[in-house]
Amino acid sequence: METVCEVLGKIVIKDEEPDIAQRKEKVRKTVWDYMEQNDLVEDYPRPCHQKIPHFKGCKKAAFKVSKLREFQSSKTIKINPSLAQMHLRFLSLKNKKKLLVPSPALGEDFYYLLDPASWPDSKVSKVYKAASKKGAKQMGIPLNEDWTGVEKIDLVVVASVAVSADGVRLGKGLGYAELEWAILFELGLVDLNTKVLTTVHDCQIVPQHDLPLSLMTCHDLPVDLIVTPTRVLNVRRPLAKPSCGVLWDQVTQQKLEDIPVLRKLKSYPSSGNL
């Protein structure tokens, strides 16, 4: 059986290829195809194409994260709403962390804040429900324009389709993680020292030459820690995180209408390049 690295090695990705988006999409498709063909994703949702893979072993990866110093010392953690990270959301709430979860596709609300310390009881069934997408919406406090009561985020967990040991990361290609980071950065809830972590299947870690630094743009969010079901990788030389904020020329009118906090931030006098 070929590894994903061997499959990628057969694809000619020229360094001079001008379309960065096209090069990234080739890597994504190779990973999605490989995971489907080798049954490395859970039964739902299938196929994993155009999605964050719900990879087999994601609970083991989550357990490994819960033993890390970065997790244990954190009071407030942001975790993406994908199924692959649901158990990590569960462990965060079980360990009494304040949890920030973005609304899927940044839809009805921007974020939800879940604080198990404020719950009258913390039964396992309640914690498990709160860790789900629907539970976060039902039990969380919606966060849109008003973030005054939110403490600084200690750890950011993002989903990935592919990642390199250098910390270069690919999501689904819709840019949600980057937009979330830009907004949180402008709100002062994350900074250049905030640790960023991802959990993936081992096969989602691709060679550096397939995800070179040259593929990164100024708003792309790299990771500091990569956790799989079998290992923990610390990026030896962490890449600089975006400080450019929201690139307003790329924000559509529809996004402004859908995300109230964007409208508020754009109204700030200093938001020329949030």
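Predicted model: local features only at pLDDT ≥ 70, side-chain atom pairs only at ≥ 80, totals over all residues.

Q: What makes R69 exposed and E70 buried?
A: Buried means under 20% relative accessible area and exposed over 50%, with partly exposed in between (1.4 Å probe, protein chains only). R69 has a relative accessible area of 62% and is therefore exposed. E70 has 14% and is therefore buried.

Q: Why does the contact between E36 and R46 count as a salt bridge, and where do the two residues lie?
A: E36 belongs to helix α2, while R46 lies in the loop between α2 and α3 (58-66). The pair links distant parts of the chain, its members being ten residues apart. Helices here are DSSP runs (H or I, at least four residues), as strands are (E, at least two), and both are numbered from the N terminus.

Q: Why is E36 called buried and R46 partly exposed?
A: E36 has a relative accessible area of 19%, and is therefore classed as buried. R46 has 31%, and is therefore classed as partly exposed.

Q: Which other salt bridges can be named, and how many are there in the whole structure?
A: The side chains of R169 and E178 meet at 3.2 Å, N to O, and both residues are buried. Salt bridges that share partners also join E36, D39, R46 and K56 into one network. A search of the whole structure finds 13 salt bridges.

Q: Why is V31 called buried?
A: V31 is placed in helix α2. Its relative accessibility is 0%, so V31 counts as buried.

Q: How do you know that β1 and β2 are paired strands?
A: Two strands pair if DSSP finds at least two bridges between them. Strand β1 (residues 76-79) and strand β2 (residues 98-102) have three bridges, in the parallel sense, so they qualify as a pair. Within this pair, I77 stands opposite L99.

Q: How do β2, β3 and β4 pair?
A: β2 and β3 pair in the antiparallel sense over four bridges, and L99 stands opposite L114 in β3. Three bridges join β3 to β4, also antiparallel, and L113 stands opposite I141 in β4. From strand β3 (residues 111-114), Y111 and L113 point one way and Y112 and L114 the other way, and all are buried.

Q: What makes β4 and β10 the edge strands?
A: Eight strands form an open sheet of mixed pairing, in the order β4-β3-β2-β1-β5-β8-β9-β10. β4 (141-143) and β10 (232-234) each pair on one side only.

Q: What is called a pocket here, and which residues lie nearest the centre of the largest one?
A: On a 1 Å grid over the protein atoms alone, a pocket is an open set of points with protein on both sides within 12 Å along at least five of seven lines, whereas in a cavity a 1.4 Å probe fits but cannot get out; lining residues have an atom within 4 Å of a point. The largest pocket is lined by 47 residues, of which K172, L174, G175, Y176 and A177 lie nearest its centre. Its volume is about 1,100 Å³, where volume is the space filled by probe spheres set on grid points joined across faces, edges and corners.

Q: Which element gives the most to the lining of the largest pocket?
A: α8 does, with six residues.

Notes:
Residues numbered from 1 in each chain as written. Heavy atoms only, no water. Salt bridge = Lys/Arg side-chain N within 4 Å of Asp/Glu carboxyl O.
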